[in-house]
Structures are given as C-alpha cells and as structure tokens.
Amino acid sequence: MPLIKEGDQAIDFTLEATNGETVSLSDFKGKNVVLFFYPKDQTPGCTREACDFRDAYQEFSDLNTVILGISKDSIASHQKFIEKQNLPFLLLSDPEGEVCEKYGVIKDKNMFGRKYKGIERSTFVIDKDGKIAKAYRKVKVADHVQEVLQFVKENLQ
C-alpha cells in the first residue's frame, strides 16, 4: 500500500474513543483535524507530546481544529492517561493497528536489540474537506505542536 501523502484524501476510519462512543474521521467534516499517532500512553515522549497538544488545545479550537490521538493502547489505558494528564481531546484505540497500517505509521523498531513493529510518531493535518494538508513523519517531540499550530494558522483559515 502506498504511503498516504499531502494532497491525498484522508482515509476514513471508525475507532472506539475515550468518550465511550465510536468515532469516525468523517464525523469531523467541516473542521480541520490534527490526527497524531503515538507509540504508548504514559511514556515520557508521548506524555510530553500529549501535554503540548493539551496546552495548545484552545488555540487549535479557536482555529476550528479538532485534535485526535491514536495508539494501540486500550480505552482503559487511554482513560488513565487522560485523567492523569488532564487531556481535553479524544484518544482513539487501534488495538489491531489497522488504522496505523492504513496511514503507514507502523515501522520496524529496535530497542535493546529486540526487533518489533511499533508506531512511528506521526501527525497528519487534515483540512475541512478531508484532504491531507500536511504530513509529519518521524516526529521529534520538541517544538512539534507549535510547528503544527503555526501550519494551521498560516494555511487552514
């Protein structure tokens, strides 16, 4: 499957969300969406990234932009993460990694000599019409959220 890229129609999906409902990407048509894929709840980099999105949440909201986080963690794990970090946006559970695969964020990883498949931190900015406006792959957490916010401000008004 070719990698999804800027200009492509975002791939719709339906996943269980932390609000107790199933959520589809198409539910947000007419709004911009920041879709961020992250490896694991409660880990240092993922916590910093989620908290940076939390801290910029109002600015994104003011720009008609919804934030959605996706990992393979369970809804129960996501709930704990939201409560502990006071996250104001939905986290979606992709336990089988199907949506992660569709967006091309499952990569071979190597930690302490152990090889496994995991989520490569990635963010997709989707415009009101459901097109990929910007794709960030191999995301470094420092300054990432401000970079995404700046992109939305300059390109998706």
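Biologist: What covers the buried residues of α1?
Modeller: The model is predicted: local features need pLDDT of at least 70, side-chain atom pairs count only at pLDDT 80 or more, and totals for chains, interfaces and linings use all residues. Numbering starts from 1 along each chain as its sequence is written, and side-chain values use heavy atoms, leaving out hydrogens and water. Buried (under 20% relative accessible area, with exposed over 50% and partly exposed in between; 1.4 Å probe, protein chains only) applies in α1 to Cys 46, Thr 47, Glu 49, Ala 50, Cys 51 and Phe 53. Their cover, by contact (heavy atoms within 4.5 Å), includes β3, α2, β4, α3, β8 and α5.

Biologist: How far apart are the end C-alpha atoms of α1?
Modeller: Helices (H or I, at least four residues) and strands (E, at least two) are DSSP runs, numbered from the N terminus. The expected span is 1.5 Å times one less than the number of residues, so the 12 residues of α1 should span 16 Å. The distance between the end C-alpha atoms agrees: 16 Å.

Biologist: Which are the edge strands of the sheet?
Modeller: Two strands pair if DSSP finds at least two bridges between them. Seven strands form an open, mixed sheet in the order β2-β1-β5-β4-β3-β8-β9. Pairing on one side only marks the edge strands, β2 and β9.

Biologist: What angle does the direction of α1 make with that of β3?
Modeller: α1 packs on the sheet and touches β3, β4 and β8. Axes are lines fitted to C-alpha atoms, for helices over the stretch in contact, and angles between N-to-C directions run from 0 to 180 degrees. For α1 and β3 the angle is about 165°.
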